[in-house]
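Have a look at the model first, then read on.

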Amino acid sequence: MDNSKLLKARSRLVSQHPFLAVLALRMGSIPDSSKAAAMSTDGYDFFYNEEWVAQATTEDVQFAMASCALHAGLLHTTRRGTRDQELWDKACDYAANSILKDCGYAMHKDSLYDPKYVGLSADQIYTMLAPPPQPGDNQNQGQGQGNQDQQQDQDQKQKPADGHGKDFSGCRDSQTADRHQDQQGQGQ
């Protein structure tokens, strides 16, 4: 694949957003068309869908790269802990995209963005997205209509406010970051 679009996006990042560029320049670029996301990160590298990069505008590639760099800088890939990965990824996308919009980026049509999350951390957003714990959640009780209603409520809360956000960019590969963290811990 011709990497000129990736290089051009990094160059634009350097000139327009030096802080994000410092983060991005430390990361490798790895083609990975097996992922549904256009671009994702494990906090150490960019993983990009070659087909998407070939069809995307340089602005979209730059936005996705900036988003991934911000996820790495905010340690989104290493702070998940025991939280639900899909919900954590959405919260991280909302948080990062709010910052990028403040930096002047236009939101890609598939980006998760909602003005109600502006100024909030991924942790705060996750709390807002996660369904509240119900009495007996840790027990095998109440398998009736109540749980179906709770699942429907949870499904509704997880939908993006603008109808977009299906796998554009983000910290979709948290397990790899967990592996890096485990390796660092074993080396100490």
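In which hand of crossing does α5 pass α6? The crossing is right-handed, meaning that the near helix is turned clockwise from the far one by less than a right angle. This is a predicted model, where local features need pLDDT of at least 70, side-chain atom pairs count only at pLDDT 80 or more, and totals for chains, interfaces and linings use all residues. Residues are numbered from 1 along each chain as its sequence is written, and side-chain values use heavy atoms, leaving out hydrogens and water.

**α5 and α6**
- The axes (lines fitted to C-alpha atoms, for helices over the stretch in contact) of α5 and α6 (residues 122–129) come within 8 Å and cross at roughly 125°.
- That makes α5 oblique to α6, as angles under 35 degrees count as roughly parallel, over 145 as roughly antiparallel, 65 to 115 as roughly perpendicular and the rest as oblique.

**α2 and α4**
- Helix α2 (residues 18–25) and helix α4 (residues 58–73) have axes that come within 9 Å and cross at roughly 80°.
- That makes α2 roughly perpendicular to α4.
- On the α2 side, Leu-20, Leu-23 and Ala-24 meet α4 residues including Met-65 and Gly-73.

How values were computed:
Axes fitted to C-alpha atoms, helices over the stretch in contact; angles between N-to-C directions. Helix = DSSP H or I, 4+ residues; strand = E, 2+ residues; numbered from the N terminus. Contact = heavy atoms within 4.5 Å.
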